[in-house]
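Please examine the model shown below. A short report on its geometry follows it.

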Amino acid sequence: MRVAVLSDVHANLHALQAVLAEVDAGGFDEIWCLGDVVGYGPRPNECAAVLRERATVCLAGNHDLVVLGKIPIIAFVDDAGAAARWTQAILDDDARAFLEALEPSATLPGVELYHGSPRDPVWDYVLTEDAARESFAATSEPLVLVGHSHIALELSTDGLRLLGGTADGGKRVELGGPRRLLNPGSVGQPRDGDPRAAWLEIDRSGVDNKSGWATFRRTDYPVELTQAEMREKGLPETLAERLAQGV
Ligand code: ZN
């Protein structure tokens with residue numbers, strides 16, 4: 001089974017469409033989304049509609065929950081708060097209903113999925129050794145998928161040692177051996193210095209459907225179109241600028 005894992009789309013429709021064009025050309029069976037469908041970007045309703053239609057599994061992220069009012073907006077400062085307020089004002093009923101039904105974690109055969117981390121599926125970042133060790137300790141499936149940090153990451157453990165680190169586009173890791181914790185990076189607002197949309201290809205063609213390969217993918221998209229939409233809609237300029245730098 002081939003799965004495209006997307007996370008942190010953040011209402012960036014041009015990035016999402018570019019990724020889906022590659023997904024459609026690549027013969028994938030399923031799309032899994034690790035949350036933060038909306039927030040920061042200019043096309044929340046369209047991104048929610050596409051993911052409602054296409055994703056087999058979609059998690060709720062902290063931005064989705066803030067926009068819904070399930071988390072108080074004071075949790076966000078400055079640009080994130082301004083973008084969340086703008087999103088609240090334009091979110092349509094269909095998008096709201098879709099987001100309302102999402103949870104921040106899910107379990108599928110052989111895989112645990114979290115927006116943040118197993119310690120705290122909404123807010124915690126797996127960016128430190130402690131967070132990684134505790135995330136492995138708190139889970140049991142061979143594969144753990146997280147989003148939220150917007151940084152592509154591949155970690156593994158044999159129960160004792162922790163191996164791996166950030167993952168550039170093209171990086172390929174084998175599944176079915178040591179347990180793995182992978183973060184696909186962000187489709188709509190990458191923060192690792194590469195502005196291309198980040199996502200993860202999982203190919204579990206092994207007989208037990210647990211072995212196979214995971215490949216970190218990067219996809220070019222017209223950043224300037226998303227930036228133009230953000231400026232037209234009055235979203236904070238710093239949020240538009242960072243897309244071109246991938247920060
Ligand atoms: Zn996010």
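## Basis of the model

This is a predicted model, in which local features need pLDDT of at least 70 and side-chain atom pairs count only at pLDDT 80 or more, while totals for chains, interfaces and linings use all residues. Residues are numbered from 1 along each chain as its sequence is written, and side-chain values use heavy atoms, with hydrogens and water left out.

## Zinc site

The zinc ion has four protein donors, Asp8 (OD), His10 (NE2), Asp36 (OD) and His150 (NE2), at 2.1 to 2.3 Å. Donors are N, O and S atoms within 2.8 Å of the metal (3.2 Å for Na, K and Ca); water is not among the atoms, so sites may look incomplete. The angles among the 4 donor atoms run from 87 to 178 degrees, and the site is classed as irregular. Under the rule applied, four donors are tetrahedral if all angles lie between 85 and 135 degrees; four are square planar and six octahedral if opposite donors are over 155 degrees apart and all others between 65 and 115; anything else is irregular.

Along the sequence, the donor residues follow the spacing D-x1-H-x25-D-x113-H. Asp8, in the loop between strand 1 (2-6) and helix 1 (13-25), and His150, in the loop between strand 6 (143-146) and strand 7 (153-157), are 142 residues apart and link distant parts of the chain. Helices (H or I, at least four residues) and strands (E, at least two) are DSSP runs numbered from the N terminus. Asp8 and His150 are both buried, where buried means under 20% relative accessible area, exposed over 50% and partly exposed in between (1.4 Å probe, protein chains only).

## Sheet and hairpin

An open sheet of 6 strands shows mixed pairing in the order 3-2-1-11-12-9; strands pair if DSSP finds at least two bridges between them. Strand 3 (57-58) and strand 9 (172-175) each have a single partner strand, so one side of each edge strand lacks a neighbour in the sheet. Strand 1 runs antiparallel to strand 11 (residues 197-203), joined by 4 bridges, and Ala4 has Glu201 of strand 11 as its bridge partner.

Strand 4 (residues 105-108) and strand 5 (residues 111-114) are antiparallel, with 4 bridges. Thr107 lies opposite Glu112 of strand 5. The two strands form a hairpin with 2 residues between them, and Gly110 in the turn has a positive phi of about 80 degrees.

## Nonpolar cores

A nonpolar core is a set of buried Ala, Val, Leu, Ile, Met, Phe, Trp, Tyr and Cys residues joined through side-chain atoms within 4.5 Å. The largest comprises 49 residues, and Leu6, Val37, Leu51 and Leu99 have the most contacts inside it. Helix 1 gives the most to this core, with 7 residues.

## Cysteines

The count of disulfides is 0, a disulfide being a pair of cysteine sulfur atoms within 2.5 Å. The sulfur of Cys33 has that of Cys58 as its closest cysteine sulfur, at 3.5 Å, which is too far for a bond. Cys33 is buried, at 0% relative accessibility.

## Ser105

Ser105 belongs to strand 4 and is partly exposed, with a relative accessible area of 32%. Leaving aside neighbours within four places in sequence, Ser105 is in contact (heavy atoms within 4.5 Å) with Leu59, Leu113, Tyr114 and Pro121.
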